[in-house]
Amino acid sequence: MKIVVVGAGVVGITAAHALIEEGHEVTLLDRGEPGAATSRGNAGQIAHVDILPLATPAMIWKVAGWLTDPLGPLTVRPRYLPGLAPFLARFLLASRPSAVERSTLGIIPLQAASMPAWERLLARLDLGGELNRHGTIYAFDNAKALDAHKPVYDRQRGLGLAHELLDGAALRKLEPGLSERFVAGAYFPAVTHVNDPFVLSQKLASALRQRGARLEQATVKGLGFTGDQRPLVLLGDGRSLEADRVVIAAGAWSKPLARAAGDIVPLETERGYNATITDPGVSFTRPVHFEGHGFVLTPLKSGLRIGGAVELADTEAAPNWMRVEAMLSKAKTFLPGLQERGRTDWMGCRPSLPDSLPVIGRSTRSPHVIYAFGHAHHGLTQAAATAELIAALIADRTPAINIAAYRARRF
């Protein structure tokens with residue numbers, strides 16, 4: 001079949017690989033170069049151990065406090081607030097205990113499929129060296145906060161997600177760069193991180209070209225249909241591409257395309273900020289999450305990446321670089337000796353949904369339009385697994401996991 005994949009982030013790139021492996025003729029479209037938008041600046045972790053949605057009762061209380069600080073872990077641009085009200089209302093509903101459990105049951109199988117899917121893809125492409133298998137740390141500067149997380153850790157252990165609970169001394173034995181203020185933590189040894197997410201995307205894109213896929217830079221303006229309901233991808237230069245199947249993997253820019261395919265999806269833009277420092281003056285072996293503070297560091301080949309700082313605003317709104325300054329100011333209290341030599345700042349737009357589940361499945365208007373967007377913080381993590389699900393749908397096979405929880409019409 002002739003298939004057009006809209007969006008050359010890591011989800012679109014991996015979907016294209018899964019489809020070309022099954023013998024399809026694949027065209028991958030994006031207005032920029034592959035992996036250059038949101039996928040470029042992610043934290044670089046394949047965080048398959050995360051099993052909770054963002055919306056939980058505990059998070060609602062945190063959010064209420066964070067919103068009073070314009071440079072805190074989460075903020076909303078005031079001009080964006082009226083349009084965001086429906087999303088925030090759904091976010092509140094998603095934080096009810098029954099809804100949290102429903103979302104968690106949707107997250108768990110997709111996360112469980114993520115690491116094996118990446119290992120299969122990278123092994124086929126001889127790119128296994130892109131993974132660093134050093135685990136990850138969740139660090140706490142408050143022992144009571146770790147105690148509050150223990151029910152989640154118990155559930156993770158029951159799912160086979162091995163980890164160790166550590167005191168402050170054990171944390172600093174693993175990562176001497178952490179300050180004395182951290183008194184406890186959790187270490188997950190099976191978590192991996194990539195050398196650099198943009199470099200990985202570029203290598204995957206290069207492998208796509210070698211496998212015969214067509215990669216084209218073009219602005220996608222909309223989606224249409226022929227008289228016999230074959231999908232048409234409408235381009236900014238006036239052209240239209242007819243295809244047997246279209247995969248919508250345009251991340252935060254997927255909402256109008258889904259609407260054209262018959263689905264109103266409460267997709268919003270969760271903008272993340274980070275700084276990558278080539279000469280940070282400190283050394284880390286593995287990612288560290290600073291629990292309760294809304295940011296994480298990852299040691300990449302390109303430098304130490306410190307990122308987080310969620311901002312709800314339009315995709316076209318100008319960045320607020322003071323958010324990076326505030327994040328680094330706090331990071332210096334956590335990481336004695338942190339320097340900013342060779343620093344590069346970045347902002348990107350995560351595609352977020354209220355229940356922290358992506359949209360994966362067929363559109364309402366046409367079974368020939370397939371969705372693969374809305375992965376929020378887990379785009380890199382879930383990309384390869386999502387790709388395998390998309391390939392199964394297009395081949396009319398039963399997907400390896402039940403995708404009912406990811407349907408567009410769940411809202």
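I count two strands as paired if DSSP finds at least two bridges between them. Helices (H or I, at least four residues) and strands (E, at least two) are DSSP runs, numbered from the N terminus.

**Ground rules.** I am working with a predicted model, where local features need pLDDT of at least 70, side-chain atom pairs count only at pLDDT 80 or more, and totals for chains, interfaces and linings use all residues. Residues are numbered from 1 along each chain as its sequence is written, and side-chain values use heavy atoms, with hydrogens and water left out.

**Entry 1: strand E6.** I began with E6, residues 136-140, and looked up its neighbours. E6 runs antiparallel to strand E8 (residues 184-188), joined by five bridges. Phe-140 faces Ala-184 of E8 there. With strand E16 (residues 288-290), E6 pairs in the parallel sense, over three bridges. Ala-139 has Phe-290 as its bridge partner in E16.

Next I checked burial, where buried means under 20% relative accessible area, exposed over 50%, and partly exposed in between (1.4 Å probe, protein chains only). Thr-136, Tyr-138 and Phe-140 point one way from E6, Ile-137 and Ala-139 point the other way, and all are buried. Because five of the five residues of E6 are buried, the strand is largely enclosed by the rest of the structure.

**Entry 2: a three-stranded sheet.** I then followed an open sheet whose three strands come in the order E3-E9-E5, with antiparallel pairing. Strands E3 (45-46) and E5 (131-132) are the edges, each pairing on one side only. Two bridges join E3 to strand E9 (residues 192-194) in the antiparallel sense. I found Gln-45 opposite His-193 of E9.

**Entry 3: helix H10.** Where does H10 bend? I found a bend of about 30° at Ala-385 in this helix, which covers residues 379-394; the bend is the angle between axes fitted to the seven residues ending at a residue and the seven starting there. H10 is mostly covered, with 15 of its 16 residues buried. After H10 comes Asp-396, which has a positive phi, near 60°.

**Entry 4: salt bridges.** My criterion is a side-chain nitrogen of Lys or Arg within 4 Å of a carboxyl oxygen of Asp or Glu. That rule gives 27 salt bridges, and I looked up a few of them.

- Glu-101 and Arg-155 meet at 2.9 Å, N to O. This pair links distant parts of the chain, with Glu-101 in helix H4 (residues 97-124) and Arg-155 in helix H5 (residues 143-158), 54 residues apart. Glu-101 is partly exposed at 32% relative accessibility, and Arg-155 is partly exposed with a relative accessible area of 32%.
- Lys-203 and Glu-130 have their closest N and O atoms 2.7 Å apart. Lys-203 sits in helix H7 (residues 197-210) and Glu-130 in the loop between H4 and E5, 73 residues apart. Is each end buried or exposed? Lys-203 is partly exposed at 35%, whereas Glu-130 is buried at 6%.
- Glu-242 and Arg-230 have their closest N and O atoms 2.5 Å apart. Glu-242 lies in strand E13 (residues 240-242) and Arg-230 in the loop between strand E11 (220-225) and strand E12 (231-235), so the pair ties together parts that are twelve residues apart in sequence. Glu-242 is partly exposed at 34%, and Arg-230 is partly exposed at 23%.
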